[in-house]
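The following note sets out several points on the structure shown below. Each point is meant to be read with the coordinates open.

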Amino acid sequence: MANPSILILAGDGIGPEVMAEVKKIIGWFGDKRGIGFDVEDDLVGGSAYDVHGTPLTDATMAKAQAADAVLLGAVGGPKYDVLDFSVKPERGLLRLRKEMDLFSNLRPAQCFDALADFSSLKKEVVAGLDIMIVRELTSGVYFGEPRGIFPDNEGGRVGVNTQRYTTEEIRRVARSAFELARRRGNKVCSMEKANVMESGILWREEVQWVHDNEYPDVELSHMYADAGAMQLVRWPKQFDVIVTDNLFGDLLSDCAAMLTGSLGMLPSASLGAPTATGRPKALYEPVHGSAPDIAGQGKANPIACILSFAMALRYSFDLGEEATRVERAVEAVLADGARTADLMGPEGGVPVSTAEMGDLIVKALDASL
Ligand code: IPM
Ligand code: MG
């Protein structure tokens, strides 16, 4: 049987650097575990724009559709801020999400013991934290029509975006949250603004419907998203799985990310419906961005991207134990005290480089055999 295929879109800024470390891990699985992948590289974001004048070519889009999994680094950078909205690097990422129909975005926020001191919150609030934010990713205000900047009647302009959700869009992401909860703490908290938005009322009703009809065994609660943000920093361990819409999920997941001390630690998976292979359409990416200020200096933390590959092992390739092996290797390296620059506390120390961190994780994988 052919190896499963992975399309790597390293993108901009620190994307290529952190992805180079992921490639070491992928290579390790081929060499040491007999688990091979056919890897192909292509361009996305500003780096695609520089070559092709578009942040994602149709040919790359087709490759992403055909791949068993896509790994993405990061997109964007100040150099591209002046570009027209339609060709900004972010449009490449949004096109991938939309055309692959990756409606369920899994953003775990896990606090590694060795890093509990790094959070801006008290250690007891974050130690042992393990929550999962499920963000709807292909609809809502990111994609709703009408949208645009139009002239108004008084000689000024009006900017319009539309928050829009259908029954089925809400139900399918709710199902993915309930499925995950069953394999974790069996609790889902749904967040919206049903107090001010009709789309929020529908969201609440449909999530409740899916619960009552299909997942009555899972504990469900509802929260307004603003209160949810407050609870996330007050006592995050009250949550297991949080399900929310595209825009609230964008905000709440950044907020949850900081609970863990560093954005450089957090992976994500964006999943669609299962394909004929039984695998879901899937794209994996670190939650951090392209960090142009540190790009090319060997300072970036590759862990979020490596943990994103671990999520690919779990959710695309049914290799949950191998995913755990990668996660344990990361834990072991952190427990040994290795830190990239983003994880340097006030007391300082000597950071390891991006490549050194990758090598240490490979060593820890060796030690796991
Ligand atoms: C994210 C990012 C993206 C988003 C940007 C880069 C388009 O903030 O993945 O959270 O807003 O969805
Ligand atoms: Mg974001």
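In which loop is alanine 291 found?

1. Alanine 291 is found in the loop between β12 (280-286) and α10 (303-315). Please note at the outset that this is a predicted model. The backbone of alanine 291 deserves attention: its phi is positive, about 40°, although the residue is not a glycine. Most residues other than glycine have a negative phi.

2. Asparagine 186, which is not a glycine either, has a phi near 65°. Its place is in the loop between α6 and β8 (187-192), and asparagine 186 is partly exposed, at 26% relative accessible area. Aspartate 101 follows α4 and has a positive phi near 55°. In helix α4 itself (residues 89-99), the buried residues are Pro89, Gly92, Leu93, Leu94, Leu96 and Arg97.

3. Glutamate 145 and proline 146 are joined by a cis peptide bond, with omega about 0°. Proline 146 lies in strand β6 (residues 144-151).

4. The surroundings of ligand 1 come next. Glu90, Arg97, Arg107, Arg135, Tyr142 and Asp250 surround ligand 1. By class, the residues of this shell divide into five charged, one nonpolar and no polar. Of the residues named here, Arg97 is also listed among the buried residues of helix α4.

5. The charged end of arginine 135 sits over the ring of tyrosine 142, at 5.2 Å from the ring centre. Another arrangement of this kind involves arginine 171, which lies over the face of tryptophan 209, 3.6 Å from the ring centre.

6. The structure holds six aromatic pairs. Tyrosine 165 and tryptophan 203 form one that is edge-to-face, with 5.2 Å from centre to centre and 75° between the planes. Since tyrosine 165 lies in the loop between β7 (157-162) and α6 (167-182), and tryptophan 203 in helix α7 (residues 198-214), the pair ties together parts that are 38 residues apart in sequence. Both tyrosine 165 and tryptophan 203 are buried.

7. Why does the pair of phenylalanine 178 and tyrosine 215 count as stacked? Their ring centres are 5.1 Å apart and their planes stand at 15°, so the pair meets the stacked criterion of planes under 30 degrees apart. Phenylalanine 178 lies in helix α6 and tyrosine 215 in the loop between α7 and β9 (219-224), so this pair ties together parts that are 37 residues apart in sequence. Phenylalanine 178 is buried, at 0% relative accessibility, and tyrosine 215 is buried at 6%.

8. Serine 190, found in strand β8, is buried with a relative accessible area of 0%. The C-alpha atoms of serine 190 and glycine 278 are separated by 28 Å, and the two residues are 88 residues apart along the chain. Proline 351 is found in the loop between α11 (320-335) and α12 (354-367) and is partly exposed, at 37% relative accessible area. Between the C-alpha atoms of proline 351 and aspartate 226 the separation is 37 Å, and these residues stand 125 residues apart along the chain.

Methods
Residues numbered from 1 in each chain as written. Chains lettered and ligands numbered in written order. Predicted model: local features only at pLDDT ≥ 70, side-chain atom pairs only at ≥ 80, totals over all residues. Heavy atoms only, no water. Phe/Tyr/Trp six-rings, centres within 6.5 Å; stacked < 30°, edge-to-face > 60°. Helix = DSSP H or I, 4+ residues; strand = E, 2+ residues; numbered from the N terminus. Buried < 20%, exposed > 50% of the residue type's maximum accessible area, 1.4 Å probe, protein only. Lys NZ or Arg CZ within 6 Å of the ring centre and 35° of its normal. Near = heavy atom within 4 Å. Nonpolar A, V, L, I, M, F, W, Y, C, P; charged D, E, K, R; others polar.
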